[in-house]
Amino acid sequence: MNYFSTRDKSLKFSFKDIFLRGLAPGGGLFLPARIKKYNREELNNLSQLNYNELATEIIFNFCSGEIKKEELKSLIQTSYSRFKYKEVVNLKKIGEIDLLELYHGPTLAFKDIAMQVIGNLYDYLEVAKDKTVNVVVATSGDTGSAAIAALSNRKNINLFVLHPHNKISNIQRKIMTTIGGDNIYNIAIEGSFDDCQKIVKELFNDDSFRSKINMSGVNSINWARIICQIVYYFYSFFKLKKNKVSFSVPTGNFGDIYAGYVAKKMGLPINKLIVATNKNDILQRVINTGEYKPDTVKPTITPSMDIQVASNFERLLYYILDEKDGKVELLMNDLSSKSFFNLEKKEIDKIKKDFEAVKVTDEETVSIIDEIYKEHKFVIDPHTATGVGAAKTFKNLGDIVVLGTAHPYKFSDTIKKALGKNLNSPDHLKLNIDKKESFDIIGNSNSEVKKYILGKIQ
Ligand SMILES: *Cc1c(COP(=O)(O)O)cnc(C)c1O
């Protein structure tokens with residue numbers, strides 16, 4: 001399978017290339033040259049498979065020619081062996097809501113589902129065989145721990161994780177700063193997640209630095225993450241046995257919900273994809289008004305969604321702009337020179353065919369957690385609660401699956417405030433609460449991060 005860049009269709013890359021690079025040269029994002037579309041009969045066949053078999057079939061479409069199917073299958077099996085459930089995810093009925101629990105991996109958020117596979121792909125593709133690879137990743141709280149769990153103690157790999165200092169939950173930080181081996185470096189940046197993401201992008205766009213440290217990335221702009229996330233849209237659709245469903249997705253960087261968009265392109269009968277945002281609502285604004293304008297990041301009780309630059313939105317733009325790479329580039333240049341861009345009415349209408357979007361405030365989120373607990377004796381995390389809130393707004397759409405993106409234990413402090421209740425750590429979380437946390441605090445600039453990385457690897 002070949003890949004190109006959203007800003008330059010003439011570029012050509014292999015799966016291994018895009019896996020290692022994450023970001024295309026010139027700043028665009030990678031997309032596959034073809035997206036397989038399943039017909040009815042093929043969908044019916046897929047519906048008979050268990051989770052690992054289904055994951056093998058779906059992911060294989062995007063890396064065939066470079067990975068053997070049998071080997072992909074065993075890689076996927078290994079990747080999901082640490083999950084609480086054999087079927088990886090868990091679909092649960094809570095009153096009228098169909099909740100898809102995606103948080104039963106080693107670090108209790110949906111990020112594990114892609115990251116565990118990615119960790120094994122680093123070994124399988126032998127990207128670090130001759131030369132140490134330095135992975136640099138920005139996290140709003142959950143990607144970091146998932147990446148650490150996936151890459152800890154892997155040979156010839158170092159991992160540098162940038163998180164916004166004091167802007168993630170205590171348990172998020174604790175997991176991240178205590179579970180890693182000697183090849184893991186946690187950096188607390190004195191800034192927001194957007195600052196962390198910006199620094200990582202700047203390092204990627206600095207060719208000499210990138211090649212000097214043999215840099216690789218696992219942020220949600222890495223296409224390999226998206227393809228692993230497509231799987232659970234198919235899986236839950238098949239489990240529900242409905243003709244058509246919508247999905248409500250707590251959204252930050254637009255990665256998880258974009259996987260749903262690809263699933264729809266692949267022929268899955270999805271009605272609407274509902275973007276749930278917190279008050280950092282750039283996506284809600286662009287989808288409803290056409291203006292894409294990052295604001296300053298405001299801290300909320302859903303820190304993993306405290307993002308104003310939703311990188312993966314560029315992948316949607318490519319299709320909305322009729323696959324015109326030049327147009328994508330123009331808008332992205334507008335964004336960097338003027339700090340915003342505007343979409344035309346017909347483009348908004350096109351987005352609205354597949355998407356709805358709504359903002360859920362912290363107060364609403366707390367009352368949803370409270371309500372679900374009172375009515376069903378079930379605790380949901382704040383991010384998942386935004387998804388429930390968004391689903392309620394669009395009740396008229398019929399069957400809606402809400403993606404449960406994190407385990408409530410990860411946000412114990414907020415749950416304690418909302419419900420006055422302490423949560424126990426799930427059994428499969430191997431957290432040593434007393435272990436000393438390991439992280440360094442660094443100023444918000446790419447030169448300081450570069451200096452830090454070079455200092456560690458020399
Ligand atoms: C990462 C994350 C999100 C947002 O996912 P995106 O792919 O960035 O849109 C939502 N909820 C939780 C718990 C997360 O960790």
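Trainee: In this predicted model, how far is a polar side-chain atom of Lys 111 from an oxygen atom of the ligand?

Mentor: Lys 111 is among the residues that come nearest to the ligand. A polar contact requires a pair of N or O atoms within 3.5 Å. The pair formed by the polar side-chain atom of Lys 111 and the ligand oxygen lies at 2.6 Å.

Trainee: Which residue has a polar backbone atom 3.2 Å from an oxygen atom of the ligand?

Mentor: Phe 254 has a backbone N or O atom at 3.1 Å from a ligand oxygen. The 3.2 Å distance involves a polar backbone atom of Gly 255.

Trainee: How much of the ligand's accessible area does the protein cover?

Mentor: On its own, the ligand has 380 Å² of accessible area. The space it takes is the largest cavity.

Trainee: How many residues of the shell around the ligand are polar?

Mentor: There are 15 residues around the ligand. Five of the shell are nonpolar and three are charged. The polar ones number seven.

Trainee: What radius of gyration does the protein have, and why does it agree with a compact globule?

Mentor: The C-alpha trace spans about 55 × 50 × 50 Å along its principal axes. For 458 residues, a compact globule would have a radius of gyration near 23 Å, so the protein agrees with its value of 20 Å.

Methods
Residues are numbered from 1 along each chain as its sequence is written. This is a predicted model: local features need pLDDT of at least 70, side-chain atom pairs count only at pLDDT 80 or more; totals for chains, interfaces and linings use all residues. Side-chain values use heavy atoms; hydrogens and water are left out. A residue is near a molecule or strand if one of its heavy atoms lies within 4 Å of it. A polar contact is a pair of N or O atoms within 3.5 Å; within protein, one must be able to donate a hydrogen and the other to accept it, and residues adjacent in sequence count only if both atoms are side-chain atoms. Accessible areas come from the Shrake-Rupley method with a 1.4 Å probe; for residues, only the protein chains shown count as cover. On a 1 Å grid over the protein atoms alone, a cavity is a set of points where a 1.4 Å probe fits but cannot get out, and a pocket is an open set with protein on both sides within 12 Å along at least five of seven lines; lining residues have an atom within 4 Å of a point. A molecule sits in a cavity or pocket if more than half of its atoms lie within 2 Å of its grid points. Ala, Val, Leu, Ile, Met, Phe, Trp, Tyr, Cys and Pro count as nonpolar, Asp, Glu, Lys and Arg as charged, and the others, Gly among them, as polar. The radius of gyration is taken over C-alpha atoms; the globule rule is 2.2 Å times the number of residues to the power 0.38.
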